[in-house]
Amino acid sequence: METAAPSEPTGRFETDNSVTQKQKPRQQLSKAMEHMRFAVTVDPIPRSSNSIPPTSTSIPPTSTSTPTPNTENENDAYGVPASYAPVRNAPSRSHDPSNNQKRTDPFAFGSRFLEEGDDIFEFNAWDHVSVDSSYLTFSEEQFAKQRADPVSDFDRKRFNENPEKWWNKFYANNKSNFFKNRKWLAQEFPVLEDIRKEGKGAVKVLEVGAGAGNSAFPILKDNKNEGLKIHACDFSKKAVEVIRSNEEYDKRYIQADVWDVAASPDGENGGLPPGVEEESVDVVLMIFIFSALNPKQWEQAVKNIWRVLKPGGQVLFRDYGRGDLAQVRFKKGRWMEENFYVRGDGTRVYFFEQQELEQIWGGKGKETKEDDESKEVAEQVEGLVLHENTKEGQEKDIKSALGDVVAPSPAFEIAHFGVDRRMLVNRQRRLKMYRCWMQAVFRKPGSASDVPTSTLRQDKAADDEAAQAES
Ligand SMILES: C[S@@+](CC[C@H](N)C(=O)[O-])C[C@H]1O[C@@H](n2cnc3c(N)ncnc32)[C@H](O)[C@@H]1O
């Protein structure tokens, strides 16, 4: 039998990197969860880096500042050859690798840079780590293989028809203690610290795709603001049950309800979440939910968020970035469309590019779609037959012909955007895992919300550094 699993990122969606040093017993997973073993435990059969060389077309790995590393004692991480090496920074003058003080207590993200001479396996995670272009080539080769072997039509249909069904199954199989609390969230979005301070007054937060409440409960944990209220919504009724059954569920500060963020305005409550009115929310929290939507739903979701937010309100957003290990490691039969996959448990996941997110939230939509739409509008206008020869009638005709197509897309301000690249390390198995997450603050123009627009941890760190350099 295998010995206890080493420290490993245990969050279901691998977003919590405050990796514990404690040894954990090997987890027993249900059959339905077996495909997620990589996310919750270690690979039972790690392959040696010597066993599979990088594909023949790959450029041999290089680093800008270090020679090819000796990876003899390392293992391939979920199909990624160990020979791919992270790019290292030049050593800072004050840094002595034999006395590595890159530890902080409590753990703080964004401060641990990999430098020449550092032992990768000394820590569980490194910040701002990228891999050279050979890894990029390797990733593209993986994507080409995924495309060549897409999901079957049968699966594509059943996984897109009732997506909540698959999330319900997921939450029925896994209770709240399966998930890891996102205690680090207030580090990433400092405004979350601010709104729970005593006397801050009424602040309404809407969490979209709240899951088991792993973001909402940590926010409320040290809350001293009597006026803080979180509406935690998810389209999975099982997820909502999990939140409501949490012993910390206190109706004064949190209300969990079923809501589909892509709901049509013709639906219940005009498509808005139960108990939430138009332009009433200060902060919308979206943590690994946008990626769960079909790209066709993005537009409606953004419209709904826009409607609930006060002018001056903000969206705190974190999700998967293109090239993340979770994408690179997908095997055959999972690809649905570019960057969009179905996992083994039927849940869907998309991997975003920065520019794409800026377009979607900044009101420009998807380029191709927008092009199609303007073409369609032009055709409709051209073929327009007026049924009444009055000004009113003409307006009516034009409106009905154009429908929603010309309704202006909500245009959020991109207040902050950060690409969070990190290398997670399994020290016992000697695996390196390259992760990539997108993090942003989108702001609805206006000034009705009193909550200041959040910074991002990444930006704050850069500002602090600049201020220090100046002083
Ligand atoms: C990856 S989980 C993230 C959960 C939670 N935000 C967290 O960080 O722990 C995605 C969640 O989004 C929910 N979800 C997916 N599509 C949704 C939709 N259209 N409307 C509302 N929630 C949705 C799922 O049920 C699931 O709970």
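**Strand pairing and the ligand shell**

Me: Which residue stands opposite D127 in β12?
Reply: Happy to look, keeping in mind that this is a predicted model. Strand β3 (residues 125-127) pairs with strand β12 (residues 413-426) in the antiparallel sense, over three bridges. D127 belongs to that pairing, and the residue opposite it in β12 is R422.

Me: And on to β13: what is the bridge partner of G418 there?
Reply: Strands β12 and β13 (residues 431-443) run antiparallel and are joined by 13 bridges. They form a hairpin with four residues between them, where R430 in the turn has a positive phi of about 55°. Across this pair, G418 has as its partner in β13 Q439.

Me: Which strands stand at the edges of the open sheet, each with a single partner strand?
Reply: Good one! The sheet has three strands in the order β9-β10-β11, with antiparallel pairing. One side of each edge strand is left without a neighbour in the sheet, because each has a single partner; these strands are β9 (335-337) and β11 (348-350).

Me: Within that sheet, what is the bridge partner of Y341 in β11?
Reply: Strand β10 (residues 340-342) is joined to β11 by three bridges, and the two run antiparallel. From one strand of the sheet to the next, the twist averages 30°. The partner of Y341 in β11 is V349.

Me: How many residues in the shell around the ligand are charged?
Reply: The ligand is surrounded by 21 residues, and the closest are W167, G209, G211, F235 and A292. Sorted by class, the shell holds 14 nonpolar and five polar residues, while the number of charged residues is two.

Notes. Residues numbered from 1 in each chain as written. Predicted model: local features only at pLDDT ≥ 70, side-chain atom pairs only at ≥ 80, totals over all residues. Near = placed C-beta within 6 Å. Nonpolar A, V, L, I, M, F, W, Y, C, P; charged D, E, K, R; others polar. Pairing = 2+ DSSP bridges. Axes fitted to C-alpha atoms, helices over the stretch in contact; angles between N-to-C directions.
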